[in-house]
Amino acid sequence: MKNKLSWQAIKFFWFSVSAGVIQAVSFALLNETLNINYWVSYIIALTLSVLWNFTLNRRYTFKSSANIPVAMAKVFGFYLVFTPVSAYLGEMAEQSGVNEYIVLAVTMLCNLVLEFLFCKLVVYRNQEDTLNNL
């Protein structure tokens with residue numbers, strides 16, 4: 001059990017790193033190239049990374065055949081709370097002089113830990129290892 005949890009955490013971490021790259025690159029393109037303000041850039045970049053991360057982790061980390069719309073609705077619920085709180089706090093930090101990339105990095109780290117726990121304990125609870133083709 002402990003070994004399975006460790007392996008899931010490792011896979012979740014690396015899939016989240018790939019999602020983080022998507023988030024950071026899309027944020028930078030929106031923020032630097034198109035000069036879109038922090039919270040709009042953040043929300044667009046976050047949405048792209050969440051879709052990527054959800055897809056990979058459902059299939060490979062939790063190996064779940066859980067109803068995709070229901071699982072996505074649960075993740076959406078997580079982000080209904082996480083996104084406005086993190087966008088608001090990020091905007092406050094950025095306006096008070098904290099570099100927006102430091103704000104983004106701290107926010108992404110919090111997201112990593114909280115989302116893993118939420119997926120493990122809420123989204124895929126009692127539905128792990130139910131995907132037959134893996």
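Visitor: What makes Glu128 count as buried or exposed?

Guide: Its relative accessibility. Buried means under 20% relative accessible area, exposed over 50%, and partly exposed in between, with a 1.4 Å probe and protein chains only. Glu128 has 17%, so Glu128 counts as buried.

Visitor: What are these values based on?

Guide: This is a predicted model: local features need pLDDT of at least 70, side-chain atom pairs count only at pLDDT 80 or more, and totals for chains, interfaces and linings use all residues. Residues are numbered from 1 along each chain as its sequence is written, and side-chain values use heavy atoms, with hydrogens and water left out.

Visitor: Why is the contact of Lys4 with Glu128 called a salt bridge?

Guide: The term needs a side-chain nitrogen of Lys or Arg within 4 Å of a carboxyl oxygen of Asp or Glu. Lys4 and Glu128 meet at 3.6 Å, N to O. Lys4 lies in helix 1 and Glu128 in the segment after helix 4, so the pair ties together parts that are 124 residues apart in sequence. Helices are DSSP runs of H or I, at least four residues, numbered from the N terminus.

Visitor: How many salt bridges does the rule give?

Guide: Three. Asp129 and Lys4 form one of them, at 2.6 Å, N to O. Lys120 forms another with Glu128, the closest N and O atoms being 3.0 Å apart. Shared partners join Lys4, Lys120, Glu128 and Asp129 into one network.

Visitor: How do you know that Cys110 is too far from Cys119 for a bond?

Guide: A disulfide is a pair of cysteine sulfur atoms within 2.5 Å. The sulfur of Cys110 is 16 Å from the closest cysteine sulfur, in Cys119, so it is too far for a bond. The disulfide count is zero.

Visitor: What do the buried residues of helix 1 pack against?

Guide: Helix 2 (38-61) and helix 4 (100-123). Contact means heavy atoms within 4.5 Å. The buried residues of helix 1 include Phe12, Phe15, Ala19 and Phe27.

How values were computed: Helices (H or I, at least four residues) and strands (E, at least two) are DSSP runs, numbered from the N terminus.
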